[in-house]
Amino acid sequence: MRNVTIFFLLCLLPLIILPQPQINLDSLWDVWHDPSLADSSRLHGIEVIIQDNYLNSLPDSAFYYAEWAYTLAEKKKRYGSMGYARTLQSQSFKNRNRFAEAIEYEEKGLKCYEAQEDKKLIGRSYYNLGNLYFLQGKLPQAIPLYSQALSFFEKSGEKNQIDQVNYIIGTCYLSVEEPEKALPYLRKSLKFKEEDGKWHVVASLLSTIGQAYFHLGDTAQAIAYNLQSLEAFKEFPASPARAQPLQVLATIYYEKGDEEQAIRYCKQSLEIFEERGPEFATTAVRRILGKIYFAQGKLDEALPQWIRIQEISQKYPQAPMEKEDYRYLYLTYKAQGKYPLALEMYENYHQAQDSSRKNENTKAMMRFEVQAEYDKQKALDDLAFEKQKEQQRLISLGIGLVLLLSLVFAAIIWNRLKLSRRQKREIEAQKQLVEQSEQYKEKFLANISHEFRTPLTVIMGMTEELEKSPEEAKKMIFRNSENLLSLINQLLDLSKLESGKLGINLIQANIIPYIQYLSESFQSFAETKDIQLLFYQDVAELVMDYDEEKVQQIVSNLLSNAIKFSPQKGKVKVHVKAQHQNGKEELILQVKDTGMGIEPSSLLHIFDRFYQVDNSHSYKGEGTGIGLALAKELAEMMRGTISVTSEIGKGTEFTVVLPVSREADLQVLDRPLSRKIMIQAEKDQPSFPLKEKAIANDQILPEDELPLLLIIEDNPDVATYIETCLEGLYRIEKAENGQVGIDKAIEMVPDIIITDVMMPQKDGFEVCNFLKHDERTSHIPIVMLTAKASIEDKLTGLQKGADAYLIKPFNKQELFIRLQKLIELRLQLQKRYSGAALFDPALRPEASPDIEDVFLVKLKDIIQAHLDDSEFSIPQFCTEAGLSRTQMHRKLKALTDMSATHFIRSFRLQKAKELLRSTDLNVSEIAYDVGFRDPAYFSTSFLAEFGVSPSEMRN
């Protein structure tokens with residue numbers, strides 16, 4: 001299928017050159033030899049003559065005249081024309097298949113374009129370089145150059161070029177078997193083509209996107225896109241490109257084992273190619289037909305396909321015979337008893353295998369020589385550039401000294417002016433403070449009104465619901481009444497502080513456990529935001545004097561703010577320790593979050609009354625602005641201090657320091673959490689459902705990227721209700737009984753399963769037991785959701801392998817949290833099977849009986865058996881593993897976050913790493929031994945995998 005992709009890419013790959021107007025040849029020669037004309041006119045004439053009359057037919061002359069054009073352009077410092085002359089010289093070499101010289105001159109042209117700082121010309125030069133590598137079949141080297149071109153085209157707004165390069169990059173990634181990287185580029189290209197109404201290209205692109213899905217193991221999407229492609233091609237019945245989706249569909253159905261469909265699409269494709277050509281493109285289809293007929297024992301029908309492939313390979317060099325073609329010819333002739341012909345094909349098969357390796361060695365040597373020449377030239381260019389930088393540094397140093405003297409002189413003048421302005425500034429600052437204080441008070445009044453209005457609105461609204469749901473209404477009225485009372489108490493405390501009537505009630509006790517259970521009261525609030533709340537203590541016991549209520553107010557305020565202003569997946573740390581400073585013992589309480597941070601300008605006022613930090617889009621304008629002010633004054637009442645440090649984007653840390661004294665009556669505290677603490681924790685918890693919170697706070701994923709959830713439930717109303725609860729969070733499939741659920745789970749390999757227990761055919765216990773012991777589905781988390789509420793039933797479900805057991809009627813928030821945590825556990829499983837640990841030889845069935853370990857060891861053993869076989873394919877891999885392509889892809893993705901292609905390549909690279917460290921084989925020999933056909937591509941892949949080249953790894 002890769003040859004099909006390359007063929008259609010070549011059909012659509014135009015070479016970008018700078019457009020020039022057509023000019024009469026004789027008049028241009030007159031212009032060229034007329035010294036009275038300006039150099040710019042002569043230069044333009046030379047360029048047009050080269051482009052239109054010499055480049056293709058007389059490339060040697062084109063190079064010669066382009067050198068004249070470069071000389072003329074250099075006189076005028078016209079960098080764009082200098083670069084274009086180098087591009088013409090590069091094209092002259094390309095037309096003679098001298099790619100090393102073509103690349104050299106295009107890189108010279110690129111430097112000229114960079115000197116002119118023309119993004120469009122720079123982009124086109126990178127594009128030309130990418131084409132030069134592409135035409136040699138060096139796609140790994142071409143892709144980064146195309147990506148550079150795309151970056152500059154996007155900056156210069158070259159829409160057509162952006163579209164074209166997106167398509168080329170996507171197809172290149174597809175050709176080097178990296179479909180995951182190909183899809184985003186192909187989708188962008190499809191969007192451009194649809195906007196421009198280029199429906200013929202849209203039809204081909206749909207098929208190419210289908211090929212990408214096929215390589216990813218998603219055969220359903222692959223078939224759907226290619227059927228769309230066929231539908232689009234109905235508008236272009238004369239187009240030979242219509243054979244492309246037919247070829248792809250033939251390949252898909254062949255690998256699915258549907259031989260009837262595969263034959264049908266092969267014949268339709270052949271009919272188009274035989275009528276409109278090109279003939280060499282039929283070899284892929286004929287191979288499929290030959291293999292099917294051979295497998296069916298129809299040797300008389302299989303043999304003509306292989307003979308025709310042999311004839312085409314002799315006629316067209318771009319469609320050479322493959323090793324497998326000779327092997328099938330040998331097997332067919334042997335089965336027919338034609339032993340001389342069979343022997344000839346057998347010898348051809350082994351010669352093809354040997355010559356393939358020799359050709360790769362020759363190509364590797366040529367690439368090495370070209371690269372060495374390129375590195376030599378680059379080193380000379382870098383040396384010249386360093387000299388230029390040294391001159392610039394000397395100039396900059398001189399300018400810096402002049403600026404320094406100027407600054408000293410300016411500072412002297414500024415100090416004199418400052419003395420006369422200080423008094424005026426102080427007056428203005430006093431006025432500003434008064435105005436700012438008034439603004440804070442006005443803001444406080446507006447915010448306190450809002451803080452009162454919210455619980456009052458709930459209380460008033462719930463009075464109307466007392467008859468419908470009295471218990472729930474009473475709970476909400478009571479909770480909001482206590483929130484209102486807590487707010488009023490804060491205001492009263494502030495009033496007492498101002499009047500000096502707020503007293504202090506000291507007790508002597510161990511403060512460490514008290515601060516710990518104050519922190520634990522906020523644990524549920526933190527969990528609703530998926531935030532880790534951590535408590536650390538450097539001392540187990542610290543007996544001291546403190547006021548319980550005031551410590552509670554300080555800690556509650558700091559923790560409430562830390563959790564409120566931390567993002568999901570964030571952390572809040574409470575750290576308690578003791579220190580001796582200047583002969584005094586002190587308690588240090590630190591509350592640190594990983595939130596958005598506070599601007600330095602706001603830190604100056606953070607403890608001012610009525611002041612609010614408004615740098616948060618999530619909580620802008622929320623609160624009263626008295627919490628931190630009250631905390632500061634309460635700390636000072638206990639002869640302590642409170643301070644803050646913050647860094648934007650990293651978080652905020654509050655530090656409370658209280659002196660240790662032991663003068664009050666000693667008490668032993670052993671009591672539950674006070675109601676006041678619980679009110680504060682409940683007050684800060686969000687009132688909206690978890691589902692709405694998840695949608696509001698998380699980035700909404702496209703539907704095809706959501707986790708796939710399978711609901712196995714025989715009651716359609718219950719299944720629909722669950723689907724409604726989880727809509728927008730998962731892609732949902734349903735099964736009406738246990739047996740259908742097992743079949744769908746094996747076919748689709750979902751990310752998570754919810755199953756009932758009591759169902760026809762197979763109950764939930766049987767479903768769970770089967771799926772957890774089948775290597776295709778053993779990794780899938782299963783939630784049992786049932787009305788069977790006895791402890792025996794729950795234990796049975798857990799023994800069968802269920803990951804969670806929920807009772808109907810279930811709590812929606814609990815279901816959301818359970819599903820979310822199970823998805824997170826799967827991500828932890830991926831971390832376990834990531835990196836070098838995945839390929840650790842110690843991971844063997846006898847060492848670890850875990851079913852997932854056994855499965856991965858089996859896969860690695862399969863690859864090991866074919867390690868040096870560069871023809872080892874994904875379909876063969878899936879067949880030997882006993883899985884379909886979809887099952888293999890989704891199972892590997894769930895365990896390792898790798899596609900099958902990525903998994904095989906990583907295993908080969910790990911083996912290469914071992915050989916580099918344990919043998920004296922050279923890099924090319926190791927590349928062949930681990931199944932790479934191209935040593936250059938092996939080195940590129942090795943560098944991407946480990947961050948160092950093979951030679952650096954050995955050194």
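Q: In this predicted model, at what angle do helix α32 and helix α35 pack?
A: Helices (H or I, at least four residues) and strands (E, at least two) are DSSP runs, numbered from the N terminus. An axis is a line fitted to C-alpha atoms, for helices over the stretch in contact, and angles between N-to-C directions run from 0 to 180 degrees. The axes of α32 (residues 851-865) and α35 (residues 900-918) are 11 Å apart, and the packing angle is about 70°.

Q: Which class does that angle give α32 relative to α35?
A: Angles under 35 degrees count as roughly parallel, over 145 as roughly antiparallel, 65 to 115 as roughly perpendicular and the rest as oblique. The angle of α32 to α35 is about 70°. That makes α32, relative to α35, roughly perpendicular.

Q: Which residues of α35 make the contact with α32?
A: Contact means heavy atoms within 4.5 Å. The α32 side is formed by Leu-856, Leu-859, Lys-860, Ile-863 and Gln-864. Facing them on α35 are Phe-903, Ile-904, Phe-907 and Lys-911.

Q: How many nonpolar residues does the contact of α32 with α35 have?
A: Ala, Val, Leu, Ile, Met, Phe, Trp, Tyr, Cys and Pro count as nonpolar, Asp, Glu, Lys and Arg as charged, and the others, Gly among them, as polar. Two residues of the contact between α32 and α35 are charged and one is polar. The number of nonpolar residues is six.

Q: What limits apply to the residues and atoms used?
A: Residue numbers start from 1 along each chain as its sequence is written, and side-chain values use heavy atoms, with hydrogens and water left out. Because the model is predicted, local features need pLDDT of at least 70 and side-chain atom pairs count only at pLDDT 80 or more, while totals for chains, interfaces and linings use all residues.

Q: Is the crossing of α20 and α22 left-handed or right-handed?
A: The axes of α20 (residues 511-520) and α22 (residues 548-564) come within 10 Å and cross at roughly 40°. That makes α20 oblique to α22. A crossing is left-handed if the near helix is turned anticlockwise from the far one by less than a right angle, and right-handed if clockwise. The crossing of α20 and α22 is right-handed.

Q: Which residues of α24 make the contact with α22?
A: α22 and α24 (residues 627-637) pack at about 145°, with axes 9 Å apart. α22 contributes Lys-550, Gln-553, Ile-554, Asn-557, Leu-558 and Asn-561. The α24 residues are Gly-627, Leu-628, Leu-630, Ala-631, Leu-634, Ala-635 and Met-637.

Q: Is Arg-639 buried, partly exposed or exposed?
A: Arg-639 lies in the loop between α24 and β6 (641-647), and has a positive phi of about 60° although it is not a glycine. Buried means under 20% relative accessible area, exposed over 50%, partly exposed in between (1.4 Å probe, protein chains only). At 60% relative accessibility, Arg-639 counts as exposed.

Q: What is the relative accessibility of Asp-897?
A: Asp-897 lies in the loop between α34 (885-896) and α35. This residue has a positive phi of about 60° although it is not a glycine. Asp-897 counts as partly exposed because its relative accessibility is 44%.

Q: Which helices do the buried residues of α14 pack against?
A: The buried residues of α14 (residues 259-276) are Ala-262, Ile-263, Tyr-265, Cys-266, Ser-269, Leu-270, Ile-272 and Phe-273. An α-helix has 3.6 residues a turn, so residues three or four places apart point the same way. The buried residues of α14 pack against α12 (219-233), α13 (243-256) and α15 (283-295).
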